[in-house]
Amino acid sequence: MDVQNLKEELIVKETLQDLAIFGGLPAFSHYLHVGNPNIGNRNRLINRINNLLDRRRLTNRGPFVQEFEQKVIDLIGVRHCIAMTNGTVALEIAIRALGLSGEVIIPSMTFIATPHALQWQEITPVFCDIEPETYTIDPARIESMITPKTSGIIGVHLWSRPCMVDRLEQIARRHNLALLYDAAHAFGVSRYSRMVGSFGDAEIFSFHATKFLNSFEGGAVVTNNDHLAEKIRLMQNFGFAGKDNVVYIGTNGKMSEVSAAMGLTSLESIEEFIEANYRNYKTYQAELAGIPGIQLLSYNEGERNNYQYIVVEVNEALAGISRDQLLRVLEAENVLVRRYFYPGCHRMEPYRSYQPHAGLLLPETERLADCVLVLPTGTAIQPDDITKICQIIRLVTLLPTEVKYKIPCVNVRENSPNFIH
């Protein structure tokens, strides 16, 4: 063990003065990120990269992209996978391929790419509140928001927890609406023992570096609709149908060979990633148990899950400290927690200007945005790290009055070195 690691092990937080925000040494000498990338087997990745360099096939749906698409198809059990340059482009192309227009109902509790993919194409995102048990779009509120301009619904499987897919399907069918899912958080997840990716008209995956399974940058559209898949494949390659034959308007959404090489390498390690995430989830569950005002999001262990997100709600009345004050304490210890997805898309531009009163219809979204905190997990963090993080949280809640009045709830470090989405 090196000297620095020994030094970190000896740092114990027992009093307020031990906390870094009050002058103590940080618990960690290096940053613990939310979304620190899972890497997989480096040698296999390097061998693949050498292979693609040797054959000089770097893009244009080479053999690695084709292999990656087929392995996703086999894992999920769908008919089609069209690999893309990233999840946002995949979402934009799927929206266009489905012919969405006018208004589309989505949750505000999502990454900003979801409404942007609509607004970019001059489609109005209509923000719907979330269901308090699942944190996903609330089917009970959707029908009251449908107008003659509504063309579709986009559900978001949030924090590896799927939407209420059966009820959304019924609503979409009843009103003849397209049904699309942003599944950026939900690769390798099941609902009713059926894999996410097989619901609705199509689903979108992100393989961004911070995701459970990454391809450096990447994404995909998966669908069981043959006609839609054919259309999307044309659209992601400028509309080419064979050499020198453009038959449809399109753009450049193709995944590169090097991204597919990383995607394949990640797929080979998927069980290892799940094992590490599940171990971390159970460690957090044990270490956070009994801490007042700290509620850990739970997963249905009867379904498949990637356990990629460790999400807690901070109840200030019970914990004695606000979410943002706890965030400042942890950031000072080099634990770079995140407020997913604060403050809600409806409070970001251009939507807060277009729909200034949207929050009146989103009470559950606003409540959650003000209290949720996402903690580090993944293959880059160990159970001992988690124990130390939870020890700090427990100390803060044992001495909330002292902490609360020494840390004003302002000036949260927005520009800390952190990963995004």
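**Terms set against values**

Reply: Start with Phe240, which lies in the loop between helix 8 (226–235) and helix 9 (257–268). Keep in mind that this is a predicted model.

Me: Why is Phe240 called partly exposed?

Reply: Its relative accessibility is 35%. Buried means under 20% and exposed means over 50%, with partly exposed in between. The value for Phe240 falls between those cut-offs, so Phe240 counts as partly exposed.

Me: What makes the nonpolar surface patch that includes Phe240?

Reply: Phe238, Phe240 and Val246 make the patch, and its area is about 260 Å².

Me: How do you know that Tyr135 is buried, and where does Tyr135 lie?

Reply: The relative accessible area of Tyr135 is 7%. That is under the 20% cut-off, so Tyr135 is buried. Tyr135 lies in the loop between strand 4 (124–128) and helix 6 (139–142). Tyr135 also has a positive phi of about 70°, although it is not a glycine.

Me: Why is Trp159 called buried?

Reply: Trp159 has a relative accessible area of 0%, and under 20% means buried, so the term applies to Trp159. The loop that holds Trp159 runs between strand 5 (150–156) and helix 7 (165–174). Phi of Trp159 is positive too, near 55°.

Me: Which residues touch the most other members of the largest nonpolar core?

Reply: That core has 100 residues, and Phe68, Trp159, Phe187, Tyr284 and Leu330 touch the most other members. Helix 15 (residues 383–398) gives the most to this core, with seven residues. A second, separate core has 31 residues, including Leu91, Ile123, Ala178 and Ile232. In soluble globular proteins, nonpolar side chains tend to be buried together.

Me: What does Phe68 touch, leaving out residues up to four places away in sequence?

Reply: Among them are Ala83, Phe207, Leu213 and Met255. Contact requires heavy atoms within 4.5 Å.

Me: How many helices and strands does the protein have, and why is it called as compact as a globular protein of its length?

Reply: There are 16 helices and 14 strands. The radius of gyration is 22 Å, and the globule rule gives 22 Å for 421 residues. The two values are close, so the protein is as compact as a globular protein of that length. Buried residues make up 56% of the 421 residues.

Me: Which peptide bonds are cis?

Reply: One of them runs from Tyr340 to Phe341, with omega near -10°. The bond from Tyr342 to Pro343 is cis as well, with omega near 0°. Phe341 is found in the loop between strand 13 (335–336) and helix 13 (351–354).

Conventions:
Residues numbered from 1 in each chain as written. Predicted model: local features only at pLDDT ≥ 70, side-chain atom pairs only at ≥ 80, totals over all residues. Heavy atoms only, no water. Patch = residues over 30% accessible without salt bridge, like charges linked within 9 Å, V, L, I, M, F, W, Y side chains within 5 Å. Areas by Shrake-Rupley, 256 points an atom, 1.4 Å probe, with all protein chains shown as cover. Salt bridge = Lys/Arg side-chain N within 4 Å of Asp/Glu carboxyl O. Helix = DSSP H or I, 4+ residues; strand = E, 2+ residues; numbered from the N terminus. Buried < 20%, exposed > 50% of the residue type's maximum accessible area, 1.4 Å probe, protein only. Rg over C-alpha atoms; globule rule 2.2 N^0.38 Å. Core = buried A, V, L, I, M, F, W, Y, C linked by side-chain atoms within 4.5 Å.
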